[in-house]
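The structure is shown first.

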Amino acid sequence: MQRLILMRHAKAEASAPGGDVDRALSPRGLRDADAVGRALAERGLKPGMALVSGARRTRQTWDQASEHFGDVELRVSDNLYNASADTLRRAVEAAEEEAGCLLLIAHNPGIHQLAVEYLIESAASPSVLDKMSGGFPTGAAAVFTVDVAGRPSYEGWLTPEAL
């Protein structure tokens, strides 16, 4: 793996009859997921593999974003639903040899915590840490370059509001 993209699902409806796991994307969320997928592809960030939580909103985020990526191996896992940073990290590490660019779409707080951990481990600048300390908004994507030893370092940050 040379690149890792950590993405939070896009904006979802407040509730669903089936509970949290069944919440769908809002109209804004559908637009945002499409915009971030397009922006990633325009920057040459097309994943070879995507790890996606089994929740409806993460799958819909993937469906919208993936329209811009072409052929990508998709792995949907219920274990990624509201997973901790540690669980998400293990999922990334288990798949790191299988794609040059790996995309993980999951939920807060785990996705945010994992991004911050990677920033701290790579000794990211204070300005980058400040940017990420403000939270991980819906639809946002943090991009990391991964060195030959498997250490991620911050490459960029995309938010729907900035596109």
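## Nonpolar cores

The largest nonpolar core has 30 residues, of which L4, L6 and L104 touch the most other members. Such a core is a set of buried Ala, Val, Leu, Ile, Met, Phe, Trp, Tyr and Cys residues joined through side-chain atoms within 4.5 Å. Two or more residues each come from β1 (3–8), β2 (49–53), α3 (85–95), β4 (101–106), α4 (110–121), α5 (126–133) and β5 (141–146); helices (H or I, at least four residues) and strands (E, at least two) are DSSP runs, numbered from the N terminus.

The model is predicted: local features need pLDDT of at least 70, side-chain atom pairs count only at pLDDT 80 or more, and totals for chains, interfaces and linings use all residues. Residues are numbered from 1 along each chain as its sequence is written, and side-chain values use heavy atoms, leaving out hydrogens and water.

Leaving aside residues up to four places away in sequence, L104 touches I5, L6, M7, L51, L80, L88, V92, I111 and L114, where contact means heavy atoms within 4.5 Å. Another core, of 19 residues, lies apart from the largest one and includes L40, A65, F69 and I105.

## Residue T61

T61 belongs to helix α2 (residues 56–66). Its relative accessibility is 0%, so T61 counts as buried (under 20% relative accessible area; exposed is over 50%, partly exposed in between; 1.4 Å probe, protein chains only). Not counting residues up to four places away in sequence, T61 touches M7, H9, A10, L25, A33 and I105.

## Helices α3 and α4

The axes of α3 and α4 cross at roughly 70° and come within 8 Å. These two helices are therefore roughly perpendicular to each other.

Definitions and conventions:
Axes are lines fitted to C-alpha atoms, for helices over the stretch in contact, and angles run from 0 to 180 degrees between N-to-C directions. Angles under 35 degrees count as roughly parallel, over 145 as roughly antiparallel, 65 to 115 as roughly perpendicular and the rest as oblique.
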